[in-house]
Every structure is written in C-alpha cells, then in structure tokens.
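Student: I would like to go through this model by question and answer. Please give the cut-offs as the terms come up.

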Amino acid sequence: MVNVPEPLRLFAEPEAARSDTRAARPRRLAGPVLLLSAALVLSLIAGIALGPSNVALSDVLRYLGKAITGGTITGDEVTGYSIVWQVRTPRVLLAAVVGAGLAVVGVAVQALVRNALADPFVLGISSGASVGAAAVVVFGLFAGLGVLALSTAAFLGALGATALVYLAARSKFGLTPLRLVLTGVALTYAFQAVMSVLVYLSPNGQAAQTVLFWLLGSLGSATWASLPLAALGVAVAVVVLLRYGTALDVLSMGDETAMSLGTDAAALRRWLFLLTAVVTGLLVAVSGSIGFVGLVLPHVVRMIAGSGHRRVLALAPLVGAVFLVWVDLLARTLVAPEELPLGVITALIGVPVFLVVMRRRGYAFGGR
Amino acid sequence: MLSLRELSVEVAGTMLIRELRLDVGVGEVVGLLGPNGSGKSTALRCVYRALAPSGGAVLLDGTDIAEQGLRDTARRIAALTQDSRADLDFTVEEVVALGRSPHQRGNLRLSAHERALCREALRRMDITHLAQRSVLTLSGGERQRVLVARALVQEPEVLVLDEPTNHLDVRHQVELLKFLRDCGLTVLVALHDLNLAAAVCHRIALLRAGSLAACGTPAEVLTPETVHAVFGVEVTQVTHPVTGALQLLYDLPADETEGISR
C-alpha cells in the first residue's frame, strides 16, 4: 500500500487569483500596428510621388483621386497620369505586398525549420522558379500565355522544387527541420545546375538575363496584372498565420515538447510548409527572389517586439512593406535613369540597421 | 491511474522496449531506472505522445490515450522532455504561459486566474526573479526549472519527467524531488541517481534492454544483486542514519581511485 500524501493543492488559490490586479498584461499591439499602418500609407504616397521624372505632389494626388473615383483627364495630363497610375502605383503596391509577404513567410519558415538562418528561399524555391523561367526562354514553354508565361513558369518551377524538397526530405519520423534545410540546400545546387545548362544551351543572351532577374529579384516588371494573386496570397498568409501565433510558439519549443503540449508538430509543419511554399511561389513569380527581407526583418521585429509569434506576425508584414517600398524607391532614384539591384539597397540599409539593433538589444538568438 | 500495457516500440527492426507492463497509481511517484539505452526515454515518449507505440497501449484511467486527441492528453499529462532546447528569445514568463496552450484554442489569452497560476508555478520553482529574462540567457538548471514550471501550469494529473535533475545543482535536485513526492500528482520520472530515486520514489521500475528487470519498492528493487545484474556495479545497501531511507554506497576501491588521481 502506497502512502500517498495529501495533495498540496498547488494552484487552488481562487482568492489570490480574484484579487489579482498587478498581473502583467499582455503588451499592447494596437499602438505599434496603427503607427506602422500610418507609416505605410505615407510610404506608399512617397513612393508614388517620387521618381526619376518630376511630377508635383498635388498632381500626383489629383491623378490618384481621378483614377480611383473615375474622373477624366485632359490631353496634356496623359503622360503624368500614366507615370503615376500605370507605372509607379502598381510598382509601389507590389513592393508593399512583396515586402509584407517575404517578412511574414520568413517568420513562418524560421519557426517551421527552427533555424535562425532560414529564409523563404531556403527550401529551393527561388532556384526552382529560375529553372521554370529559363525553360520558358529556351524552350518557349507556355507561349500561349503571352506576358504571363514567365510568371506562370516561375510559379510552377517554385512549386515543383518545393514538392521535390518535400518528397526527398520526408521520412517515417516526419518532416524533421534539419532534413528539410539540408534537402533544400542540396536541391538548390541541383536546380542551379539545371539552370546553368539551360542558360548554356540558350541561343542568345536572353536566358541569362531572365535568369539573372529571378535570381536577384526586381520590381521593375510590376504591372497591375501582377498584383492581385500575390496580394491575395499574402493576405491569406497573414490572416491564417496570425491565428497560429501560439502554435508557432509551441513549435519553436521543439517537436517533443510541442507534442506534449497537445500540438501535432508534424501536421503543423506539413501545413506551414504548404502555405509558405505557395505564397513564396506567388511572390517569386512576380518579383524574383528578393533576398534579405525574409531573412533579416523577422529578426529585427523579434529584437524590438520579443519572440512571441502573435506580435511578430502582426508587425512583420507592416515593417516588411514599409521597408521594401523605401528600398525600391531608392533603387530607382539614386542613379536614375539607371536602376540599382534591390539587393544592393537592402544590404546597404538593412545590414547596418540590423547590427545596431542587435547590439543594442543584446539579442541572443541561438543562445550564448 | 496511468498504466503501460504490454507497451512495445520497434524502430527500424530494433525493439527499443518490449511488452512493458507498469502501473502508476494516483498520487504515486514511480521512478524509471536503467542503464543508458535501456528504453526509459522511449517509454516516457509514448506516455507524452511524442511516439506512437508499435504494440500495446498507454491507459489513463482505463482509456487508451491513443484514442484521444493530443490536446486532450496534454490537459491531463504534462511532460518535461529531453529536447527542451529553445532557439528563440522567449522570456521565462512566455515559456511558462505556453503550459496553458492545451487548455485553449487558437492564440493564448490568459485569464487573471491563469496568470496567477503562472506566478505560483514560478514561485514554486524559485524562478520568480527570472520572469522577464530571456530563456537563452539562463543556466541549464534554471532552464530546467522553467520547464518544470511550464509543466505545472498545464494543471496535469500526471507528470512525466525525463531526467529532470540533469543540470540541477544539489539543492535544486533535492528540492525538485521533494516537490515531486509532495505534489500529490501521479508522477513517472526517469532518473539516473539511484539514491535520489530510493529516497523519493514509492516504487521503482528497473529497465534493462527494453524489458522490465524488476519492479517494486526501493528496498525490493535496489538490492546489491539486482543492481549488479542490471548496471554491472557493486553496491552496498545501507540505511540513512537520519531519514531511515534506503541508500546505496558504490563499492569503489579507494586505492584504485587514488592511483588514478595521482
């Protein structure tokens, strides 16, 4: 017979609980979100108003108003109007969508593979997209789709690459984080080899140019047509992921701990993998693989807001959108009429900001 | 009551545990002992559902836990696992609060009562002063106590701990085990320290190569013969002069150790 002691009634303290007024309240989110939203609106207007050709701010606002409300413009306004509404507006909006998407997908991927160095492209997605795009140039695939052929092929290439990574990384222990990262990196080399062969076989220099666009990333080909799908994908990702904030927190504790807390780590990982792959594919199809944003912005947001995923997922898309709008603005104005690659600007601004924030906050990602 | 019924786990053709049968009564503390690789962690993984057994079942009050959702199990069984390393900069408070996640759907929103629970768990584990610290800046022992606190705020009936005294200093080892004995929860704990196990466990289950080698009170199980058969070391059984608990002395010839140290 076991002598069982009286339970301590460890937590039976309703009195203490009721009189509890100094409980730490969850840190507020509304303020930062409002502030960043305001910053985003201003950034969008700045992005549309500024550019190599000079259009007065009052004209910009008038054109925007007319475009939205459906007014008429006079003959001598056509040039300015088309610069503002056909060239800059879709480009600036796309910058915001892509920036938001890369930042939020970066957060999800880092949680999914539990790796600080992961970004949306770690699973072979961008090189897969480049293979798709190069195939269009070399073999003339999807010629019937016209201007959408490249985007479609890039998207399918990205999804194909993701599916291959998934199948190769799968084991009977599920989709373990390290296997995913290793498989992604290994297959990236394979896709790059395929891409190199395609470029080599290409009769003219066009394939090389196209592939370079997808590898470096650019918003230069933005049109209104490139917006809806990407925007929809990013919106869905943000809304869905926001509901999984705590689940991502639990997943970051390790798979065994996640299971012991009632979260099916394997199922959640499969699910996140699918979501991030589709959204990244949509983004890559319209903008190539813009580096840095998905890798570093999640860290910057965590340094400032803490690691809790609900906060990070609420703030990261806004920070990413504002960041990429300004980066793109600098890229097209600094050496106008030429354009700098986005990667140059993201590195020039992003790296110093990252280092300053990291040193000031004593950020300890990955332990001591 | 927690029962392992003919629990077997086979991975890649190797039987990690074989037809393990063990009952842990309500409020009982059962220690799982055995050499490295004897299947202690594997058995515990089946209980906290990180692993699905290939044969047999884990029953909680007579119901096979494999038939319930993970979340349902997590409301009743909390675990201190071995993979508890974190990479993200969560605060101690945030990590402990995640213990409430099996009780909620979607994102955590702690009620005043639940926040009080978290504070009480921090106090119990003597880590209130660490509440705002990043878990990445803690020592191994401090982190271990954070994870026990998280298991406690799950408000479980059963506590499963895989070598909870790892990294703990002597004081916190003793305090944790004393806590396990007095908490009134049903406890299944894998331990390496035979003497701590003898002092706090009501019963001890000794594993060897995935099978149950012995099971019973510390006095029944930790005999010099059984310990030698399972661990391959010579021990002498003594009675603690103050507490009266059974303790083991390792028969290390003194001159040999001196010879090594010089």
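Student: Is Glu155(B) buried, exposed or partly exposed?
Tutor: The model is predicted, and local features are taken only at pLDDT of at least 70, side-chain atom pairs only at pLDDT 80 or more, while totals for chains, interfaces and linings use all residues. Residues are numbered from 1 along each chain as its sequence is written, with chains lettered from A and ligands numbered from 1 in the order in which they are written. A residue is buried if 20 or more other C-beta atoms, placed from the backbone, lie within 10 Å of its own, exposed if 12 or fewer, and partly exposed in between. Glu155(B) has 19 C-beta neighbours inside 10 Å, so it counts as partly exposed.

Student: Where is Glu155(B) found, and what is its phi?
Tutor: Helices (H or I, at least four residues) and strands (E, at least two) are DSSP runs numbered from the N terminus. Glu155(B) is in the loop between helix 5 (140-153) and strand 7 (158-162) of chain B. Most residues other than glycine have a negative phi. Glu155(B), not a glycine, has a positive phi of about 50 degrees.

Student: In what order do the 4 strands of the open sheet in chain B stand?
Tutor: Two strands pair if DSSP finds at least two bridges between them. Strand 1 (residues 2-11) of chain B is joined to strand 4 (residues 55-60) by 5 bridges, and to strand 2 by 7 bridges. Strand 4 is joined to strand 5 (residues 63-64) by 2 bridges. The pairing is antiparallel, and the order is 2-1-4-5.

Student: Why is one side of strand 2 and of strand 5 of chain B left without a neighbour in the sheet?
Tutor: Strand 2 (14-24) and strand 5 of chain B each have a single partner strand, so one side of each has no neighbour in the sheet. The reason is their position: both stand at the edges.

Student: Which residue in the turn between strand 4 and strand 5 of chain B has a positive phi?
Tutor: Strand 4 and strand 5 form a hairpin with 2 residues between them. The turn residue with a positive phi, about 50 degrees, is Asp61(B).

Student: At what angle does helix 1 of chain B run to strand 1 of chain B?
Tutor: Axes are lines fitted to C-alpha atoms, for helices over the stretch in contact, and angles run from 0 to 180 degrees between N-to-C directions. Helix 1 (residues 40-47) lies across strand 1, strand 2 and strand 4 of chain B. Its angle to strand 1 is about 115 degrees.

Student: Which residue of chain A does Arg71(B) touch?
Tutor: Arg71(B) is in helix 2 (residues 70-76) of chain B and, with 16 C-beta neighbours inside 10 Å, counts as partly exposed. Two residues are in contact if their C-beta atoms, placed from the backbone, lie within 7 Å. Not counting residues up to four places away in sequence, Arg71(B) touches Pro102(B) and, in chain A, Gly262(A).

Student: How many helices and strands does chain A have?
Tutor: Chain A has 368 residues, and 47% of them are buried. Its secondary structure comes to 15 helices and 0 strands.
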